[in-house]
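Welcome! Take a moment to look over the sequence and the 3D picture before you read on.

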Amino acid sequence: MTAKTVGDARRPGRPAPRPQDRDARDGSRRNAKGRERNRGGDRDRQYSTSAPSQRRRVADPSRLVAFEVLQAVETEDSYANLVLPQRIRHHRLDRRDAAFATELTYGTLRERGTYDAVLARCVDRPLDQIDQKILTTLRLGAHQLLGMRTPAHAAINQTVGLTRGVVGAGPSTMVNAVLRRVSEKDRDAWVAELTEGVSDDLRRLSIERSHPVWIVRAMRQALAAHGRVPTEIDELLAADNLSPLVHLVALPGIGSLREAEENGAERGRLVEGSATYRHGDLGRLESVREGRVRAQDAGSQIVARALAAAPLEGADEAWLDLCAGPGGKAALLGALAARRKASLVANEVSEHRSRLVRESLRVLPEASYGVITGDGREIATTLEDAALPEPVELAVEAFGGTGEIFDRVMVDAPCSGLGALRRRPEARWRKSPRDIADLVPLQTELLRAAVGVTRPGGIVAYVTCSPHAAETQNVLLDVLEGGGVELIDTAAVVRSVMLEAPERQELAGLEMPGATPAEGFERATTVQLWPHVHGTDAMFLALLRRV
Ligand SMILES: C[S@@+](CC[C@H](N)C(=O)[O-])C[C@H]1O[C@@H](n2cnc3c(N)ncnc32)[C@H](O)[C@@H]1O
C-alpha cells in the first residue's frame, strides 16, 4: 500500500453524503451536471443572526452526537469509543446517521492536529483563548470541509446551526466566517501552505499527519529499532489515521465463522480462524452476541496463537495470562487451552477489569479456567490462596515453592498503546513521554514475575501494543540479562501461525543483538507487527523459554 492510498482522507470507504447534507436542504441548487448554481451569490449572502429562518434552525442530531462526544473527551477525560454508542442510542440515530456521527467524531479527533493548524490561520487569536465549545464546533466543521465528502454549504450551515444550538447565536457568526475561510482550500492545499518552509521533518509530519511531534519521533525511532526503514514513517502515521478494519475470531472449538460469512464477512488472510467484517453492527450476529465469535485485531490473534504454538517439551496443562483484562486474548488462549485439555488462569489487577475477564471467559468449559484478581508482580502469592482449575491447583501444591508452575504464560503488559492509535483516536493527544518512563519498570517486573512462575522449558510470551524500543527491546534485554530465560526464534513461530498472505513475507523477525538463542534454535528473534505493513495494530512479541 502506498502512502497516498493509506493517507487519502477522501477514500471511498467514508460514508456518502446523507440527504440532509445535500444541497436541497441547504438551500443551494445544482444544475443537471450536479454543479452548484449561484454558489457565489449564496456564499456572499449575509444572514442576520435574528432572522426567523436562522432562529428556527436546530442542530442535526448526528453532529450534535459528535459534539457531545468531543466535549466529553475534552472536558471529562472520557473515551470516545465508550461515550459514542451511548450518545447514538440516546439520540436514536439510525444506521446511516450513526455512521456519519462515528466518522465525524473519530475523524475530527484523529486529525485534530492538522485542523488546529488550519484553524490557527483562520482565527484572529490563539486557539487556547477560544471557548472550548466553539473550538469543538470549529474542529467538527474543519473535518467536514477537509476530511469528509460533505458539500461545503452543508458543512458550514449545519455547523453554524450546531453552534447556535449549543453555544448561542453570537458565536455562530464567527464560526460561519472562520469556516468560510477554511473552505477556501482543500486539505492538501492547506497542508502545502502550512508546511511550506518547514525544514524539520518531524514538525512537517506532525502537521501533515496530525500526530504530536514526540510521537512522530518515537515512531520513527521504533521503525529503525525493529529493522524497518525510517522513511516508512509517513505510511505508518497515515495508517494511524484510518479506521481499522474489523477482524473477527471464531473461538476454536466453540465458535464458527459461518454466520459471519453468510452476512458478508471475508476469510482473514493473515491468521487461521479469522475474518474481516465491513458490514456495520456486529450485534446482529448471534454468534457474536453469544461470545463464540469475537471482534479481535488479527495482531492479537497472532500473538495468542503463537504462544500456544511455541514448541514445548513435557507437560502442557497449566497456562497463565498475567495481565488479562478485559479478556480478549484470554478468551482465545482459554479456548486453545481447553482443546488440549489444558487450563487457563487469567489474572488481572483491577477488580472491574477482572469482572470483564470473567464475562469474556464464560463461554469456555467451566472447569477449564479460573479468574483471579491481584498484582501480577505478586502472582506467586496470589496463587497460594486462589481457587484454581485442578491441574493448576496440583501444580501449585507440588511446585509452588519452586515457582515451577505454568507451561505457557502470557504477559500482555500495560503499555503506552502507541501501536493502537488508530483504535483510540484521542489517545495521541493525552499521552506523554513520561507515561512510557513510568511504565517500563512495571513491565520489567511483570515479565520477571512471569518467568518466576514458569517451569523450566516452559514458554513466556512478552507482548505490548507498542513498538516503542523502551517498552519492547529494552525491557526484554533487561530481563534476559537477569538470566534464567532465553529467547527463541519468535519469528519462526509467528510465521507458523500466519497464513500464506503477502504480509507474511514481511515477517523476517529481528535478531536480538547479544541474545543467545535458546537450545534447538539457530536464531533469537522478536516480532514487530505494523498497521501499514500487516494491517494489524503495532503489536510486539518475544517468546522466551525458561531455562
Ligand atoms: C494491555 S492490557 C491487557 C489486554 C488483554 N490481554 C486483552 O487482550 O484483552 C494490560 C492489562 O494489565 C492490567 N495491569 C496493569 N498493571 C497490572 C499489574 N500490576 N498486574 C496485573 N495486571 C496489571 C491492566 O489493568 C490491563 O487490564
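## The model and its confidence

This is a predicted model, in which local features need pLDDT of at least 70, side-chain atom pairs count only at pLDDT 80 or more, and totals for chains, interfaces and linings use all residues. Residues are numbered from 1 along each chain as its sequence is written.

The mean pLDDT of the chain is 89, and 89% of its residues reach 70 or more; pLDDT is the predictor's confidence in each residue, from 0 to 100. Over residues 1–14, though, the pLDDT is below 50, and the stretch 23–56 also has a pLDDT below 50. For the complex, the predictor gives an ipTM of 1.00 and a pTM of 0.89.

## The whole chain

You can find 28 helices and 15 strands in the chain. Both are DSSP runs numbered from the N terminus: helices are H or I with at least four residues, strands are E with at least two.

Of the 547 residues, 48% count as buried. A residue is buried if 20 or more other C-beta atoms lie within 10 Å of its own, exposed if 12 or fewer, and partly exposed in between, with C-beta atoms placed from the backbone.

## A helix to look at

Helix 10 covers residues 152–166, and its 15 residues reach 21 Å from the first C-alpha to the last. That is close to the 21 Å expected, taken as 1.5 Å times one less than the number of residues. Just after helix 10, G168 takes a positive phi of about 140°.

## Around the ligand

Which residues are closest to the ligand? They are C323, G325, G328, G376 and D412, from a shell of 17 residues; a residue belongs here if its C-beta atom, placed from the backbone, lies within 6 Å of the molecule. An unreviewed UniProt entry places a "binding site" at positions including C323, K329, E348 and D412; such annotations may be inferred rather than shown by experiment.

E348 sits in strand 8 (residues 343–348). E348 is buried because 26 other C-beta atoms lie within 10 Å. Among the residues that E348 touches, leaving out those up to four places away in sequence, are C323, A324 and G325; contact requires C-beta atoms, placed from the backbone, within 7 Å.

D412 lies in strand 10 (residues 406–412). D412 is buried, with 26 other C-beta atoms within 10 Å. Not counting residues up to four places away in sequence, D412 touches C323, K329 and V463.

Methods:
Two residues are in contact if their C-beta atoms, placed from the backbone, lie within 7 Å.
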